[in-house]
Amino acid sequence: MFNALQLLAASDSGSSLVFGLTIFALAIFLGVEVITKIPPTLHTPLMSGSNAISGITLVGAVLATGEYPGFAKLLGFIAIVLATVNVVGGFLVTHRMLEKFKSR
Amino acid sequence: MSRVWVDLVYLIAAVLFILGLKGLTHPRTAVRGNLMGAVGMLLAVLVTLVDKNVLGAGIFGYLLIFAGMVIGTGIGAWLAMTIRMESMPELVALFNGLGGAASFIVAGTYVAAKTTKEIPLDTSFATAASGLIGAVTLTGSLVAFGKLAEHPLMKRVPAIPNSTVTNAIVGGVTLLIALLCAISRSYDLWFWLLVLLSLGLGYCLTVSIGGADMPVVIALLNSYSGLAAAATGFVLENNVLIISGSLVGASGLILTQIMCKAMNRSLTNVLFGTLGPTGDTKDADEVYQNVKATGPDEVAMLLDVARRVVIVPGYGMAVAQAQHAVRDMANFLMEKGIEIEYGIHPVAGRMPGHMNVLLAEADIPYELLKEMDEINSSMEQTDVCLVIGANDTVNPDARQANSAIAGMPIIDADKARTCVVIKRSLSPGFAGIPNPLFAADNALMLFADGKQAVLDILAALKEG
């Protein structure tokens, strides 16, 4: 295990991992800052809307379906269907909800 | 298109997601915020379609991609447009699950298509994480969906014996396989075994969690669906997935924390079902000795002479479909110059903010919906507090150190001059303890169905 980590630290993929982790950590902090300012009134739309954003995995599904052959292509297709339901349904239902919030 | 251009568009998409979330900080800008998020998603998907690797896929690859998107759009749009606002928690749970599933399946495509025998260690760790979190999200969400929708199947599911021990064992084995999967690095079988175990783990973890804790569970699964996407981003070395996934992960974690605080329970407490200090539960008959019942006419008279009225809705109001009747009554009172506000407890609905959506749907202006702390500060200047279908969230016993709900923040309905509680009976809420508010000196009970009671009060107001 320790050997493996040393190997990782010495390799190129190690630096790309650190780059990814940097982005991950910064985005988490940014997310916390932005989201703590959202009032409880809008917490349900926040959940459905952020849920739609997590459907970004659709991008990965499209890449996989395009690039990979055979069985992986089929898996990619399934992932596209699931992620698209997530994305389209999520944004639409959030829109439907937000339109109901009216002012006096 | 080359990787640089694609990555730049991904960056724009990520910025749009952040601006979109920022838009949600006010109801006025929220619709625009959501649209910005949708535009960001559209850009990200469009640029992926012209990525040079996807362009090389040929006509069959594109047909498959478009077919998937058409099917997904159809199902998603149908679900989004037909769902009732009461069922929003189920839908969000379902969408969480689909997102988690899509994420681990994408990691699976990477596993299935790998050309080299060994893959880099960081990628294999990310793949294992994606498989684990994504699969737990899928089955966890499906169980939450079943429980929230009160699907008949959920009632026939046998309880897991010694759930804490069983969950610990299943969780331990799954983590071990995840670790083995990560360090083996040539791992087709390991990965699918991990997925299988994680599916089981997601089921075990959620099936024994009680209905009252569902708001916490959905918020947590929301977070997982984001983390699964982020892990998949590490597998594909794709920054937009990492950024978006971690934003959602953070959002879900904050909501989880808020929900836990609103119920005064720790996350471990919710997840492992250990009960808090029960203290000595009071005897219901003793507590309810001096309950005073009232009728719609008396309530109408009280409201008629009030200057300020606070309405405290609980989920019981939504079950009785009383929102529209409540709005009509409130409008009638406001036309007479009476000040009306709504006090919303964070766990009043079945997911964070659910009650606000239900009231907004009944055309109740959002300015009148006040958070717990805000409404509590003005409760002593309130003539009538009208509690409709709420119980534990207004139980003054929460202020007693030896109560089962000790320390849970409540709406101070008992501090209003008069408190009227509309409820079918004196039956306890989720906490299973009697509520001394119902027998307080300044409290009156109106035993009726929420909707009918409000309609009767409105009729009496119009007559008087």
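How many helices and strands are there in chain A? This predicted model gives chain A 5 helices and 0 strands.

**View 1. Secondary structure of chain A.** The elements follow the order α-α-α-α-α from the N terminus. Strands number 0 in this chain.

**View 2. Burial and surface of chain A.** Chain A has 104 residues, and 61% of them are buried. Its accessible surface is about 4,200 Å². Carbon and sulfur atoms hold 72% of that area.

**View 3. Contacts within chain A.** Consider the contacts with a separation of 6 or more. Of these, 67% join residues 24 or more positions apart.

**View 4. The second largest pocket.** This pocket holds about 400 Å³ of space. Its lining counts 28 residues. Nearest the centre lie Pro40(A), Ile258(B), Pro346(B), Glu371(B) and Met372(B). Chain A and chain B are both represented in that group.

**View 5. Elements around the second largest pocket.** Helix 11 of chain B supplies the largest share, 4 residues.

View 6. Among the residues nearest the centre are Pro40(A) and Glu371(B).

Conventions:
Residues are numbered from 1 along each chain as its sequence is written. Chains are lettered from A and ligands numbered from 1 in the order in which they are written. This is a predicted model: local features need pLDDT of at least 70, side-chain atom pairs count only at pLDDT 80 or more; totals for chains, interfaces and linings use all residues. Side-chain values use heavy atoms; hydrogens and water are left out. Helices (H or I, at least four residues) and strands (E, at least two) are DSSP runs, numbered from the N terminus. Buried means under 20% relative accessible area, exposed over 50%, partly exposed in between (1.4 Å probe, protein chains only). Contact means heavy atoms within 4.5 Å. Accessible areas come from the Shrake-Rupley method with a 1.4 Å probe; for residues, only the protein chains shown count as cover. On a 1 Å grid over the protein atoms alone, a cavity is a set of points where a 1.4 Å probe fits but cannot get out, and a pocket is an open set with protein on both sides within 12 Å along at least five of seven lines; lining residues have an atom within 4 Å of a point. Grid points are joined across faces, edges and corners, and a volume is the space filled by probe spheres set on the points.
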